[in-house]
4 protein chains.
Amino acid sequence: MKMQLGMIGLGRMGANLVRRLIRGGHECVVYDVNPEAVKALAAEGATETRSLAEFAAALRPPRAAWIMVPAGLTGETVSALAEHFAPDDVIIDGGNSYYRDDILRAASLVERGIHYVDVGTSGGVFGLERGFCLMIGGEPGVVARLEPLFETIAPGVGTIPRTPGRTGEITQAEKGYLYCGPNGAGHFVKMVHNGIEYGMMAAFAEGFAVLDKANIGTTSAEHNAETAPLGNPEYYQYDLDTTAIAEVWRRGSVVSSWLLDLTAAALQEDPGLTEFSGRVSDSGEGRWTVLAAVEEGVPAHVLTASLYERFSSRGEGLFADKLLSAMRKQFGGHAEKPAG
Amino acid sequence: MKMQLGMIGLGRMGANLVRRLIRGGHECVVYDVNPEAVKALAAEGATETRSLAEFAAALRPPRAAWIMVPAGLTGETVSALAEHFAPDDVIIDGGNSYYRDDILRAASLVERGIHYVDVGTSGGVFGLERGFCLMIGGEPGVVARLEPLFETIAPGVGTIPRTPGRTGEITQAEKGYLYCGPNGAGHFVKMVHNGIEYGMMAAFAEGFAVLDKANIGTTSAEHNAETAPLGNPEYYQYDLDTTAIAEVWRRGSVVSSWLLDLTAAALQEDPGLTEFSGRVSDSGEGRWTVLAAVEEGVPAHVLTASLYERFSSRGEGLFADKLLSAMRKQFGGHAEKPAG
Amino acid sequence: MKMQLGMIGLGRMGANLVRRLIRGGHECVVYDVNPEAVKALAAEGATETRSLAEFAAALRPPRAAWIMVPAGLTGETVSALAEHFAPDDVIIDGGNSYYRDDILRAASLVERGIHYVDVGTSGGVFGLERGFCLMIGGEPGVVARLEPLFETIAPGVGTIPRTPGRTGEITQAEKGYLYCGPNGAGHFVKMVHNGIEYGMMAAFAEGFAVLDKANIGTTSAEHNAETAPLGNPEYYQYDLDTTAIAEVWRRGSVVSSWLLDLTAAALQEDPGLTEFSGRVSDSGEGRWTVLAAVEEGVPAHVLTASLYERFSSRGEGLFADKLLSAMRKQFGGHAEKPAG
Amino acid sequence: MKMQLGMIGLGRMGANLVRRLIRGGHECVVYDVNPEAVKALAAEGATETRSLAEFAAALRPPRAAWIMVPAGLTGETVSALAEHFAPDDVIIDGGNSYYRDDILRAASLVERGIHYVDVGTSGGVFGLERGFCLMIGGEPGVVARLEPLFETIAPGVGTIPRTPGRTGEITQAEKGYLYCGPNGAGHFVKMVHNGIEYGMMAAFAEGFAVLDKANIGTTSAEHNAETAPLGNPEYYQYDLDTTAIAEVWRRGSVVSSWLLDLTAAALQEDPGLTEFSGRVSDSGEGRWTVLAAVEEGVPAHVLTASLYERFSSRGEGLFADKLLSAMRKQFGGHAEKPAG
């Protein structure tokens, strides 16, 4: 069934969602604060609008609008759009919202009879071709109404082998989208997804770092009271080709994964990683996953450590490090060693 | 080019390597302490032998023998076999040896002119069909001589898309095997592979545990001076279907991976994980990876935490936990709360 | 200057605070839901009251009342007491409240002109003799008014040597109490104090566990494909006396501390820690410290790991552990090893 | 009983040991590669020697010599000294040796009938006045012979209250020295002591970092797709005085400890820690403690994390961080954010 969807926010993600929907035969009404972005998609078949009012007017009731703006702007966009919406219309937040905000927003919209659906969307820059993995929260009936849209956006069954033990009709999950539960459930699942992503990325990063230093025994280390000499330099004499290692693990190994594919591509492009300074951003999901683990009382050493390593990469451990140096000076008279 | 290889150790891994080689047209001579295992493979086309002497005699010089026995037995097997081997013969250790043992073994064999090759082998029970990912250490010329065998055992290029940026001839790594460097390099790379595997597994396990507890707000927790009440039960009201979530992430998400495929299969088979008690073994590689990280001075929070979680799963944290309870009793008069 | 203070909540902490105040010459009005507790302190010189109304009536305006009840009951107690209080009266929360609740409570009381002071109180069962360390938040003028009470409750300068570099008049902090800032600041500082306490306790617990297992090389471990044999049993042959070690570290070592004193006492009492099962409670402060670290973007590996170890001690890692076993079975066909 | 001891290595630690022994009435023969250091102690009453031969000749058989040189030089010093020693003489290593080296050295000396004693020595720059905490490994009879020396070096009972439950005669441990077991046991216990020290230091450093950032809500953070806005800036408005907080915790709190005393002194001296860059050294003990934890199969999240934080403080996480940035660029097109 072909449907109509409005899209607010035509950044890379929003634009690619629209393109996938248009290719799938759906009708898209688009709006963005940047008129150029609107025009670009209009040229690809979307309906151009120049204000939220015009956007709402171009949609047929019951309306369905998808908001894809930075997390910090979602709240105000939802509120502004609601002014133009009517009972039984649906507002979908496909961005990286905190699931708790979903619960609050849904509760405020319900007073006007407007439905709210939260959709965690994974896929990155490859989503246009691969499809986007969708994790959905909201009222079941409302989500069901939107299913043709989700089915088009999602990757579909594709060439991925069916999980052993699954029989019968293909389920939602096997097509790449999933109704997870009431409001917030979609973003909750997406949040944990990203928490896992941080942990997997860190596992690779640490492992490759151990490979990268496998030749540490070939360099002469300085000996002094502050630093123990490497006990067994003869065991650290390997100059390993990390690019080739990433590549070989793509085939038949236990760690084969999309993140490994990307690692292999990154190392192929720049084996010395010379273009990076190592300051790693973290968006909210990693933090929220840790907050949830702590509140649930679930040990999550790995997910948390991967988050903290990102903090440290941006120098956020500096105060603690300085205090350690200060303590060492106090008890041992140890002066800090210079960086050189 | 078709070759001859001897295989010692016909457990699941060894037997499947032989099967893959026979299917690839190579000739295999086999030996195991268990005569039944030998007979079984003889029935599939391998040459049966009943002693190491017979095994060595059945191989044409320069001989090539692959040892695939438990790590604790490899050393004595190599020594015993060397008694029957001659200069320029090759002994391959394809098991889970510590790379430092490779260095020592190679050094002791070189005195007799026997070559030693260490091969880290990944693939598990699926290797027979998927092929095994091979990480190889040894003398370059000797490894090159064995390349037709490695090429047959490895998965080959298969249907995996070529890494962007790679052009020209297909490399070893793209076929699923890699010469990594001098003796020990193969097992060093395999060791780190398994270290990463531990980290990835823990990332999934922790993330799914956070999902599993997302309904914690629906149960009434007890209030007392020792345990803080859950501040916001309204945010933990989700009964999530972890089986479906594992499935949906297989398509289009950032965490898609072979380990996720297995997780989906495991949850499909037994959503409540009722058949497991949660005692997780660790073979040596995870430990050795941490030892290497420490000696190299590389921070590896995630890999280490995933190892320690396995220790804890087996009750190895008990002494520390008891001591914490004892301290709490001392300073606060806190009695331990019973498990119920 | 001698003052009057009301105390609500006569558990161990509340009762000891009253005792210390009475010994210091202050007048105490007491109330508790348990009349026996009230009578007991009345026998020691406190003024008995049998309802909040009577309690409020017995206090001279501007009243000062200290609430020392379990964290889950503080909110309702503050509200109930406020019904009987008048403008310029002061309510002090000396319990283990979340500092955010302080901010909310102070804001709601300010509408009635009632002041709110939050006091983080450390000292445990030893506070009666040692004095309690007080971390205080609220309006500066109100806190100043209560200073004679804080000075009596706190340990005072005692025999602790003055910190090098400090000169001139003795400060609040040197007497064992500190005005930390506006409402919530007292409990914020106390929260981090407990976070550090968790980390220190875990450092001791882990270290003693390493000592306790120093004889692991004397026991024969089983060899199998799942568990690597201990490489160097000759290095783990020590039967260490952890009780004596705790004792010797109390003198002249870098780790000497009150927690070590308690550890020494605990091991002296029960060297095998036989009376403990190892289920370690966590009250809110450790969790809140981690939440603050995450929101502040400060890496706090140690504080967080010590919290998670407590979760694990109570079996909260079980789901994750089971999933690891399930994955291992999928990829390696590894059956779980029984506990025996 | 007054004894004679030879000391090799007159750095700060060695010199202070000699001074304490001389004050205690013992006779000291001293040697150092730096003749100025020898002269300085000769002026304080020690016997000057100018070569190992002269040193050995000045000692009465059975000789007792204490070596206090950097860990990297201990092995060769022991060997050189043994050339001048005779059966039943004793060589004591009081430095920061790896306990495994003790075992190897003792085994090689035993062939000549020379005894070896390993002594872990804690006390830092304060040891001269406070006394040094001694952890001792070796043959029981040999250690017993040296007990008068250990008793003089150790702090003695001092003003530290006796551990509750201890009765009867004062033990070694209560005087500040302890015979721990056969060779290596002394350094093993000292190793774990330092591992705990790392963990405690990190607990303080992380906690103070959380305090230091408690005003993060007062600064406006940038909003973008990469960084989540701080959800609740109103809860992070505290400008805390970390110097005063360290001071107040010294009295009556659970975290009171010598390390806290030093932290208070360090912050008093330089509240902004302006003289430190935050590059924290690690000597061998922290690493060896982690290696032991891993080999023993004991979870040691806290001790390990504190070690890794030191690695990170020196930039050792850079490769991993760069790889994370590279992966993020691949899957999300995320450019790294500049440091500014």
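**Where chain C meets chain D**

Modeller: Happy to! Let me begin with the charged pairs: between chain C and chain D the count is 2 salt bridges. One of these joins Arg166(D) to Glu247(C), with the closest N and O atoms 3.0 Å apart. Please keep in mind that this is a predicted model, and that a salt bridge here calls for a side-chain nitrogen of Lys or Arg within 4 Å of a carboxyl oxygen of Asp or Glu.

Which element of chain C gives the most to the side that touches chain D? That is helix α10, residues 185–212, with 18 residues. As for the make-up of that side of chain C, its residues divide into 55 nonpolar, 21 polar and 17 charged.

Now for the extent of the contact. Chain C brings 93 residues to it, and chain D brings 93 residues. The size of an interface is often given as the accessible area lost when the parts come together. For this pair, chain C and chain D bury about 7800 Å² between them, and 67% of that lies on carbon and sulfur atoms. Within chain C, the residues that lose the most area to chain D are Tyr238(C), Arg251(C) and Val254(C), which together make up 10% of what that side buries.

Chain C is superposed on chain D by a rotation of 180° with 0.0 Å of shift along its axis, at an RMSD of 0.0 Å. In chain C, Ser257(C) comes closest to that rotation axis, its C-alpha lying at 1.9 Å.

A rotation of 180° with 0.0 Å of shift along its axis superposes chain B on chain A, with an RMSD of 0.0 Å. These two copies are therefore related as by a two-fold rotation axis. In chain B, the C-alpha nearest the axis belongs to Ser257(B), 1.9 Å from it. Here too the same surface serves both copies, since 100% of the contact residues of chain B recur in chain A.

Conventions
Residues are numbered from 1 along each chain as its sequence is written. Chains are lettered from A and ligands numbered from 1 in the order in which they are written. This is a predicted model: local features need pLDDT of at least 70, side-chain atom pairs count only at pLDDT 80 or more; totals for chains, interfaces and linings use all residues. Side-chain values use heavy atoms; hydrogens and water are left out. Copies are superposed by least squares on the C-alpha atoms of residues with pLDDT of at least 70 in both. Contact means heavy atoms within 4.5 Å. Buried area is the accessible area (1.4 Å probe) that two parts lose on being put together, summed over both. Helices (H or I, at least four residues) and strands (E, at least two) are DSSP runs, numbered from the N terminus. Ala, Val, Leu, Ile, Met, Phe, Trp, Tyr, Cys and Pro count as nonpolar, Asp, Glu, Lys and Arg as charged, and the others, Gly among them, as polar.
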